[in-house]
Amino acid sequence: MSTKNLTLIVVLVVILLFGGCACSRYNGLVSVDQGVKTSWSNVETQYQRRTDLYNSIIKTIEGSANFEKSTLKEVITARAKATSVTVDVNDSASLGAYQRAQAQLQGSFSRLMAVAEAYPDLKTTQQFQDFQTNIAGTENRINNSRREFNAAVNDYNLKVKTFPNNIFAGIFGFHEKPYYKADPGSENAPEIHFDIK
């Protein structure tokens with residue numbers, strides 16, 4: 001066997017080994033990337049569940065005579081804004097915008113529920129009682145989905161940043177993804193004041 005043939009065989013073996021390794025690494029990166037996308041889809045599904053619950057109770061509240069319309073209008077506006085935000089899981093700015101819109105919706109809805117407390121006829125309706133039961137479970141599902149999303153992002157980021165995957169991640173255009181972060185100010189304990197006389 002000539003040196004030229006031996007060199008050609010060695011080059012082919014190196015190319016095949018590198019190609020096989022590259023394929024394996026690429027497929028692993030695609031797999032964890034899809035895991036992040038699936039997890040984010042689950043987060044959105046739970047937020048949609050909450051929005052659907054909000055929609056049903058808003059219709060119940062709208063039917064209640066003499067209900068405070070300004071608070072209801074605030075919720076409807078926040079709901080429209082929250083459902084219009086599109087998220088790119090690779091972009092921390094869009095993830096932050098989505099999170100802020102959801103927090104604004106939840107805050108305005110909390111104010112609406114506080115106002116609803118002053119309407120005993122509304123509180124005794126079956127729809128209102130069903131809503132209160134379902135919303136607690138939905139909030140738990142949202143928290144679990146966000147936790148699972150962050151776990152998927154963590155797996156992805158570890159794969160993208162560890163050697164030798166980081167080399168292939170750079171070649172194939174895989175970059176670190178942002179985590180779902182706590183709402184600003186949530187690290188502070190809430191101030192609770194009791195007006196006891």
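**Cysteines and salt bridges**

Start with Cys21. Its sulfur sits 9.4 Å from the closest cysteine sulfur, the one in Cys23, and that is too far for a bond. Keep in mind that this is a predicted model. Now look from the other side. For Cys23, the closest cysteine sulfur is in Cys21, again at 9.4 Å, and again too far for a bond. The cut-off here is 2.5 Å between sulfurs.

On to charges. As a reminder, side chains of opposite charge can pair when their charged atoms come close. How many salt bridges does a search of the whole structure find? Five. I will go through some of them.

Take Asp33 and Lys37. Their side chains form a salt bridge, with N to O at 3.2 Å. Both residues lie in helix α1, which covers residues 3–62. They are four residues apart, so about one helical turn separates them. Is Asp33 buried or exposed? Buried, at 10% relative accessibility. Lys37 is partly exposed, at 38%.

Asp33 has another partner. Which residue is that? Lys177, with the closest N and O atoms 2.9 Å apart. This pair links distant parts of the chain. Asp33 is in helix α1, while Lys177 is in the segment after α6, and α6 is 165–172. The two are 144 residues apart. Lys177 is buried, with a relative accessible area of 3%. Asp33, remember, is buried too.

Asp33, Lys37 and Lys177 are linked in a network of salt bridges. Asp33 takes part in the bridge to Lys37 and in the bridge to Lys177.

One more pair, Glu176 with Lys161. Their side chains meet in a salt bridge at 3.7 Å, N to O. Where do the partners sit? Glu176 is in the segment after α6, and Lys161 is in helix α5, residues 126–161. Glu176 is partly exposed, at 46% relative accessibility. Lys161 counts as exposed, at 52%.

Over to you for comments.

How values were computed: Residues numbered from 1 in each chain as written. Predicted model: local features only at pLDDT ≥ 70, side-chain atom pairs only at ≥ 80, totals over all residues. Heavy atoms only, no water. Salt bridge = Lys/Arg side-chain N within 4 Å of Asp/Glu carboxyl O. Buried < 20%, exposed > 50% of the residue type's maximum accessible area, 1.4 Å probe, protein only.
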